[in-house]
Amino acid sequence: MLKKLRIAVSIIFFTFITLYFLDFAGILPEWLNWAVKIQFASALLAFNFGVLAVLILITLLFGRIYCSSICPMGVFQDIVGWFSKRTGKKKKRYKYAPPKNILRWSILGVTIFLFIIGFPAFLGLIEPYSAFGRMIVNVFKPIYLAGNNLLSYLFSSFGNYIFYHVNVSIISIFSFVIGMVTFFTIGFLAWRYGRSYCNAICPVGTVLGFLSKFSLFKTRINQEKCNSCRLCAIKCKASCIDAASKKIDHSRCVNCFNCLNICTRDALQYSLSVKKKITVEEKNNGRRQFLLTSLASIATIPTAMAQEKTGLFVTPEKSSARETAIAPPGALSVKHLQQHCTSCHLCISKCPLNVLKPAFLEYGLEGLMQPVMYFKKGFCNYDCIICSNVCPNGALQPLTIEEKHATQVGRVVLRWGRCVVRTDETSCGACAEHCPTQAVKMIPFRNGLTRPVVDTEICVGCGGCEFICPVRPHTAIFVEGNNIHQEAKIVIDEKNKDLIIDDFGF
Amino acid sequence: MNRRNFLRTLAISGAAFSLKLNSGMDVFAQTIDASSSGPINLVAVLGGEPDEMFKKAIAEMGGISKFIKQGDKVVVKPNIGWDKTPELAGNTNPKLVSEIIHQCFEAGAKEVTVFDHTCDDWVQAYKNSGIEAAAKAAGAKVVPAHEEIYYRSVSLPQGKRLKETKIHQAILDCDTWINVPVLKHHGGANLTISMKNLMGIIWDRRIFHSSDLQQCIADVCTLDKKPVLNIVDAYRVVKTNGPRGRSEADVVQPKGFFMSQDIVAVDTAAAKFFNQIREMPLDHVKHLANGQDLNLGTMDIDNLNVKRIRM
């Protein structure tokens with residue numbers, strides 16, 4: 001029963017999150033966003049203390065429910081394990097393994113340390129939700145899009161345009177490689193050793209595992225009934241049941257409940273502490289409070305410290321003409337983005353115009369794989385606020401359309417010497433045409449020609465001009481990023497006097 | 001100048017007589033041939049609603065069945081360039097598009113397809129222009145045009161700068177098509193009307209901008225399959241900051257309408273109309289003269305049989 005409930009909840013979370021990542025056409029409702037907003041590391045970085053408190057409370061009451069069902073990477077491993085069970089020649093058997101405490105605590109320590117010194121990319125790299133997001137975007141989304149294109153091809157050959165063709169391409173080799181490596185590493189571990197990633201590598205698993213030692217409900221072995229037959233240990237994908245000594249390592253138990261029904265002697269039970277223990281735990285409240293407080297401080301200190309610290313590394317590579325990479329609207333500043341983003345790629349996947357891609361070295365090493373704006377495939381729609389509103393980490397702060405209009409992520413730079421109006425003396429105006437604020441506008445030049453002029457004050461940095469500029473290889477107009485996002489001046493046009501035309505003019 | 005004018009007239013009349021009679025163009029040839037007492041070459045309407053003005057105008061030209069045959073696959077090509085609502089006039093008026101589609105079906109069209117290669121996000125532009133909903137309600141198929149896969153390469157032997165370009169398959173596969181632009185100020189080309197609306201049937205617009213925009217606009221109009229009608233929506237007009245416009249302050253509402261088979265003539269008429277809203281010398285809209293040089297039509301609208309209607 002408990003197992004069925006666990007599977008049902010897992011499927012719901014996994015499906016929602018996966019589809020939410022894949023859905024490029026915006027078919028799914030916006031509220032599905034809560035499924036990513038309640039991810040542990042995201043809530044931590046977003047200072048979403050409500051969610052954190054609930055997740056910690058659930059863990060203290062019931063154990064690692066988060067790892068079991070809410071974390072998409074956890075469920076992914078269960079799915080891989082399920083396949084391995086069905087396709088393997090031999091019957092799948094897990095066995096008890098001693099905890100890898102030094103490894104997991106070291107990784108947690110290193111993660112926190114690197115985060116504090118201003119290198120959050122490591123957290124992003126091994127944190128399960130983000131690793132899962134990158135896996136989806138890099139490995140599964142291209143397949144999903146190719147499937148869509150096949151459907152689009154089939155349907156449109158019958159004159160039906162419900163499906164439309166989309167561009168399938170690898171947006172960043174680096175992120176693609178990381179996504180693939182994640183997929184194969186964690187996939188392999190899950191295929192062979194069950195939830196070993198969760199118990200040896202995952203920093204969230206280590207923290208929640210520690211907490212779940214103290215949880216009220218636990219899977220417990222009845223010492224009298226158990227005859228150490230190891231049936232349960234064979235089923236335990238966390239390898240945490242030591243049947244010989246009739247003990248369960250609760251720090252590694254991910255509450256899959258697979259062991260409960262398998263026991264022929266009914267020796268395993270998921271229950272409250274055995275008698276009296278409750279009173280003991282009430283007495284122990286002081287200790288628990290201490291643990292909670294220290295956890296909370298662990299969570300906040302690094303961010304607080306990181307806020308004062310500048311990055312360790314200097315940006316080693318500059319992209320084309322741009323000196324400063326452009327952080328997406330809502331990022332507030334490159335620094336804020338770096339301190340909060342774990343590179344889950346949700347914003348990148350959701351951007352309808354392919355304006356976001358995972359950074360390579362645009363932000364420096366600290367910003368590896370974090371979203372950066374580029375204008376090769378499209379430009380940022382003036383009235384679109386999707387990326388800033390899907391971010392679960394608060395790395396991109398939610399914006400209203402009005403706030404977006406007043407956000408300047410970068411400023412236009414015109415290289416008049418390269419402009420075709422100057423070099424060829426022919427009409428163009430592509431840049432001004434695409435400019436939503438007329439920060440680039442055309443003024444009379446000569447021989448009936450018009451030339452662009454720029455007003456950086458009212459520029460929002462959408463990249464329309466840079467995207468469409470026909471001058472190659474280097475465009476005659478581009479957007480220079482703002483390290484700290486500025487406020488774009490909003491022009492309020494005076495209404496035209498009503499114009500009455502009562503002649504044809506010819 | 002006299003010699004030039006003489007040569008120009010010679011070229012135009014020569015073109016008119018040597019026009020190839022192929023599908024969709026036979027009517028075109030007839031109207032060009034006609035003297036001013038014959039069939040109407042150009043209809044201009046003032047003061048009505050977009051759909052009403054079209055009804056009046058098409059009746060004057062003998063009904064849409066003169067242009068659309070029973071069983072035709074028709075494309076109606078509005079301007080849906082921008083993620084803008086109808087009030088902001090960045091796109092063709094949806095009421096006009098809807099009425100044209102209705103009439104095509106009444107004339108026996110087998111199917112009517114609507115598309116545009118948008119500048120803004122096509123999903124948003126289709127939606128917020130009101131054209132997708134209006135066209136679908138009228139029974140038309142609204143097809144995407146945002147990916148290169150929907151385009152096929154076509155050569156333009158008469159083009160001066162542009163010798164080849166990729167054209168949307170809907171145009172290449174239809175029996176006949178109707179060009180339905182909106183009249184707007186344009187920062188680069190100075191005006192965008194019917195001729196420039198063809199930039200929405202092609203894939204690579206950057207080439208246009210980098211190799212003499214005004215010539216390329218004329219060149220693409222030499223496409224064999226020409227629109228059977230050019231219907232200019234000037235109900236609301238972007239007067240400044242075009243073709244996109246920044247706010248409602250850029251828009252005026254002169255309630256105009258122009259229709260002709262002659263793409264240069266109808267654009268000349270619309271340009272002269274625009275000149276009353278804001279000064280716009282015809283020689284600044286250079287693609288008109290370039291089009292005339294390519295025998296695509298005439299800028300000499302005073303010698304055409306023009307029907308003017310006030311509503």
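Good morning. I begin with A:Ser239, which counts as buried because 20 C-beta neighbours lie inside 10 Å, and 20 is the number from which a residue is called buried. The model I am presenting is a predicted one. In that model A:Ser239 occupies the loop between helix H13 (231-235) and strand E2 (241-242) of chain A. Its phi is near 50°, a positive value in a residue other than glycine. Most residues other than glycine have a negative phi, and most peptide bonds are trans.

A second residue of chain A belongs beside this one. Phi of A:Gln438 is near 60°, again positive and again in a residue other than glycine. A:Gln438 sits in the loop between H21 and E8 of chain A. Is A:Gln438 buried or exposed? A:Gln438 is buried, since 22 other C-beta atoms lie within 10 Å.

In total, 39 residues of chain A are in contact with 42 residues of chain B. On the chain A side, the elements that give two or more residues are helix H21 (430-434) and strand E8 (440-444). The largest share of that side, four residues, is supplied by H21(A). By residue class, the chain A side divides into 17 nonpolar, 14 polar and eight charged.

I turn next to the peptide bonds. A cis peptide bond joins A:Arg472 and A:Pro473, with omega about 0°. A:Pro473 is placed in the loop between helix H22 (464-468) and strand E10 (477-487) of chain A. In chain B, the peptide bond from B:Gly242 to B:Pro243 is cis, and its omega is near 5°. B:Pro243 is likewise a loop residue, between strand E10 (229-238) and strand E11 (251-252) of chain B.

Now to the domains of chain A. The chain is divided into domain 1 (2-299) and domain 2 (334-487). Their C-alpha centres lie 38 Å apart. The contact between them takes 28 residues from domain 1 and 22 residues from domain 2. On the domain 1 side, the elements that each supply at least two residues are helix H2 (34-37), helix H3 (40-45), helix H8 (121-126), H9 and helix H10 (173-193). Which helix provides the largest share of that side? H9(A) does, with six residues. The residues on the domain 1 side divide into 15 nonpolar, nine polar and four charged.

A:Gly133 lies in helix H9 (residues 128-157) of chain A. A:Gly133 counts as buried because 31 C-beta neighbours lie inside 10 Å. Leaving aside neighbours within four places in sequence, A:Gly133 is in contact with A:Phe21, A:Cys344, A:His345 and A:Leu346. As a further distance, the C-alpha atoms of A:Gly133 and A:Leu337 are separated by 17 Å, the two residues being 204 residues apart along the chain.

The axes of helix H4 (residues 49-62) and helix H12 (residues 203-212) of chain A come within 8 Å and cross at roughly 45°. H4(A) is therefore oblique to H12(A). H4(A) makes the contact through A:Ile56, A:Thr59 and A:Leu60, and H12(A) through A:Leu208, A:Leu211 and A:Ser212. These residues divide into four nonpolar, two polar and no charged.

Let me move to chain B. There are 12 helices and 13 strands in this chain. Of its 311 residues, 59% are buried. Among contacts in chain B with a separation of 6 or more, 74% are between residues 24 or more positions apart.

In soluble globular proteins, nonpolar side chains tend to be buried together. Here the largest nonpolar core has 224 residues, and those with the most contacts inside it are B:Val76 and B:Ala270. Helix H11 (residues 263-277) of chain B gives the most to this core, with 10 residues. The core also draws at least three residues from each of domain 1 (2-299) and domain 2 (334-487) of chain A. Beyond its neighbours within four places in sequence, B:Val76 is in contact with B:Val97, B:Ile100, B:Ile101, B:Val112, B:Val114, B:Ala140, B:Ile178 and B:Val180.

Thank you for your attention.

Notes
Residues numbered from 1 in each chain as written. Chains lettered and ligands numbered in written order. Predicted model: local features only at pLDDT ≥ 70, side-chain atom pairs only at ≥ 80, totals over all residues. Contact = placed C-beta atoms within 7 Å. Nonpolar A, V, L, I, M, F, W, Y, C, P; charged D, E, K, R; others polar. Buried ≥ 20, exposed ≤ 12 C-beta atoms within 10 Å, placed from the backbone. Axes fitted to C-alpha atoms, helices over the stretch in contact; angles between N-to-C directions. Parallel < 35°, antiparallel > 145°, perpendicular 65-115°, else oblique. Core = buried A, V, L, I, M, F, W, Y, C linked by C-beta atoms within 7 Å. Domains from an automatic or database assignment.
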